[in-house]
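Please report on selected local features of this chain.

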Amino acid sequence: MDRETRTFAERYYRGLRDRVPGGGGGVPTPSGVTFIETPDAFSYADFVKGFLLPNLPCVFSSAFTEGWGSRRRWVTPEGKPDFEYLQQKYGDAVVPVANCGVREYNSNPKEHMPFRDYISYWKDYIQGGYSSPRGCLYLKDWHLCRDSLVGDLEDIFTLPVYFSSDWLNEFWDVLNVDDYRFVYAGPRGTWSPFHADIFRSFSWSVNICGKKKWWFFPPGQEEALRDCHGNLPYDVTSTELLDSHLYPKTQHNSLPVEVIQEPGEMVFVPSGWHHQVYNLDDTISINHNWINGCNLPNMWHFLQQELQAVQHEVGEWKGSMPDWHHHCQVIMKSCTGINFEEFYHFLKVIAEKRLLVLGQGLKGNSVDSRSLGLGLQQAAFDIGRLADVLASVVVNTDFQRVDTSAFSPQPKELLQQLEDAVTAAEAL
C-alpha cells in the first residue's frame, strides 16, 4: 500500500464511522461484475479503491494465474483433472468429502477418505454417466497448504498481491494449528449450498480447471429469502421458494448477480455476500478465506450478532445458570469457532506485529515485511483499523464480562498503544 492509497482508504472509513458496520456494499452496475483482463494494468491500489473498500465482487482473467504450477501439473492438455498425477502426488492424503445429495441442516455431511479413493470414485462417477449409488461426492475444505511444505506450495500457486493482507491466515500460522486455505475438487454437478463466508471474511477462488456458476446476493438481500421461521434457504434454486406461505418475502427479492467462472479465472468474493456455487464441469479450485482492516468491523459486528443469538436461545436459564454469560461464550465458540476472548487474541497478535513494523519504520530502520505481504503504509493503515475496532470492543458490555485478568497486554493498554501509534503514523 502506498501513501496515497492509505490516505484514500482512511478518508473512506472516516466517512463510514457513524454507520453500523454490517458488511455493506453497493450493487454492481447493470452490466454485471467487473472483469479484469490484464495484470500489468491493474494495481493493488486499483483493487483497494474499486473493490475492497466498496465491497464489490470482481473476476480476474486467467492471465493472473497462468504461471501457477498447479495449472500445468494438475491438468491434462485437454483441460481435465490429471488423475494420474494427482493420485501419484497426493494419493495418501486423507481428505474431507461431502455428499451433495444429503442435507444436514444447511450443509452436507462429510466423511474422510484417502485422496486415491476419492480419485477412484470420481473416475467411476464419470464412467457411470455422472451418477453413482454412492451419491454425488464433493471434496471440500482440504487443507493442502497446512499439510504441505513451503517449497511445495510455491510450486502450486503464488498468492496474488491483491489478497496479501490476510490477517486470518497470518493469525492461524502463528498458532500453527489451522488455516483457511482450501482445495475443492469434484465432478460436474457438485455444488455448495447457500451461505456467507465464515466470520464474514472475504474469499478468493481460482479454478485450476473446470467451470463454476456463482449466484451472488448483496448484503441484506438474503433477508427476503428467509422462510416464515426466519431461516435462510439451503438451495436458492429450490421450488420451495415459490411457496408464498413458507417464504412470504421472496416476491420482494431481486435477482442474484450471476457469474460464470472459466478455467484459470479468479473470483473475489466480498464480505457478507451470500452465494451459492455449482461446478459446471469436472473442477478443481484453490480458495482462501481472509480478513484484514477493510472487513474487520464486519467480523466484529457478526460476532456480536452470533452472541446475541446464543443469548436469546438460552435466555430462559439466565437467572438460574451460574456464570450464564461465560456459558454463552462457550456455546458461541462451539457454534461459530471463535468467541470474544479469542477475538481479542486475534486482534492482539496482528496489532503487535503491525506495531513492530511501524516502530522499525519510525526509527528509520529498513522494514523487511515481505513475509507479511505489507509495507510501512499498510502497517499504519492496519493499526488505525485495529484501533477503531478495539475501541468498540473494550466498551462492549458483553466483552466487559469476559475475564481478562490473564490478558497481556490488557485491552485498554493495547488500545492506548494503538492510538499512540496512529498519532505517530500521521507523519509518515
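This is a predicted model: local features need pLDDT of at least 70, side-chain atom pairs count only at pLDDT 80 or more; totals for chains, interfaces and linings use all residues.

Residues are numbered from 1 along each chain as its sequence is written, and side-chain values use heavy atoms, with hydrogens and water left out.

**Backbone angles**

Most residues other than glycine have a negative phi, and most peptide bonds are trans. Helices (H or I, at least four residues) and strands (E, at least two) are DSSP runs, numbered from the N terminus. Buried means under 20% relative accessible area, exposed over 50%, and partly exposed in between (1.4 Å probe, protein chains only).

| Residue | Phi | Relative accessible area |
|---|---|---|
| Asn55 | near 60° | 4%, buried |
| Asp323 | about 55° | 57%, exposed |

Asn55 sits in the loop between helix 2 (44-52) and strand 2 (58-60). Asp323 lies in the loop between helix 8 (296-313) and helix 9. A cis peptide bond joins Ser408 to Pro409, with omega near 0°. Pro409 belongs to the loop between helix 12 (397-400) and helix 13 (411-425).

**Trp324**

Trp324 is part of helix 9 (residues 324-336). Its relative accessible area is 6%, so Trp324 counts as buried. Leaving out residues up to four places away in sequence, Trp324 touches Gln311, Val314, Gly315, Trp317 and Lys318. Contact means heavy atoms within 4.5 Å.

**Helix 10 and its partner**

Helix 10 (residues 340-362) has 23 residues. From first C-alpha to last it reaches 32 Å, close to the 33 Å expected at 1.5 Å a residue. That expected span is 1.5 Å times one less than the number of residues. Asn339 caps the N-terminal end of helix 10, with a side-chain oxygen 3.3 Å from the backbone nitrogen of Glu341. Gly364 follows helix 10 and has a positive phi, near 85°.

Helix 10 packs against helix 11 (residues 376-394) at an angle of about 145°, with the axes 9 Å apart. Axes are lines fitted to C-alpha atoms, for helices over the stretch in contact, and angles run from 0 to 180 degrees between N-to-C directions. Among the residues that meet are Phe343, Leu347 and Arg354 in helix 10, and Leu376, Asp382 and Leu386 in helix 11. The contact residues divide into 16 nonpolar, 1 polar and 2 charged. Here Ala, Val, Leu, Ile, Met, Phe, Trp, Tyr, Cys and Pro count as nonpolar, Asp, Glu, Lys and Arg as charged, and the others, Gly among them, as polar.

How values were computed. A polar contact is a pair of N or O atoms within 3.5 Å; within protein, one must be able to donate a hydrogen and the other to accept it, and residues adjacent in sequence count only if both atoms are side-chain atoms.
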